[in-house]
Amino acid sequence: MSIAFPIMNAADAATAVGLSLIHIVTGIGWFFSVHSGNNKLHVPSKDAAVA
């Protein structure tokens, strides 16, 4: 079973569109909330091995 299963098997088009929009908005919100506070993680580490 995939994540798209409930959307693809929705009872009507309005339900499918609603579920799709909810997941898209939630994904965008998650992306920006997770990546906005992690600026320290985007610098090269001094402990990283160089090959």
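In which helix is the place of Ile-28? In this predicted model, Ile-28 belongs to helix α2, which covers residues 13-36.

## Overall fold and exposure

The secondary structure of the chain consists of two helices and zero strands, and helix α2, with residues 13-36, is one of these helices. The chain has 51 residues, of which buried residues make up 2%.

## A nonpolar patch on the surface

On the surface, a nonpolar patch is formed by Ile-24, Ile-28, Trp-30, Phe-31 and Phe-32, which together have about 550 Å² of accessible area. Ile-28, the residue placed above in helix α2, counts as partly exposed because its relative accessibility is 45%, which lies between the 20% and 50% cut-offs.

## The aromatic pair

How many aromatic pairs does the count come to? The count comes to one aromatic pair, and the rings of Phe-31 and Phe-32 make up an edge-to-face pair, because their centres are 5.3 Å apart, within the 6.5 Å limit, and their planes stand at 85 degrees, over the cut-off of 60. Both Phe-31 and Phe-32 also belong to the nonpolar patch on the surface, together with Ile-24, Ile-28 and Trp-30.

How values were computed: Residues are numbered from 1 along each chain as its sequence is written. This is a predicted model: local features need pLDDT of at least 70, side-chain atom pairs count only at pLDDT 80 or more; totals for chains, interfaces and linings use all residues. Side-chain values use heavy atoms; hydrogens and water are left out. Helices (H or I, at least four residues) and strands (E, at least two) are DSSP runs, numbered from the N terminus. Buried means under 20% relative accessible area, exposed over 50%, partly exposed in between (1.4 Å probe, protein chains only). Patches are made of residues with over 30% relative accessible area and no salt bridge: like charges are joined within 9 Å, nonpolar side chains (Val, Leu, Ile, Met, Phe, Trp, Tyr) within 5 Å. Accessible areas come from the Shrake-Rupley method with a 1.4 Å probe; for residues, only the protein chains shown count as cover. A salt bridge is a side-chain nitrogen of Lys or Arg within 4 Å of a carboxyl oxygen of Asp or Glu. Rings of Phe, Tyr and Trp (its six-membered ring) pair if their centres lie within 6.5 Å; planes under 30 degrees apart count as stacked, over 60 as edge-to-face and the rest as tilted.
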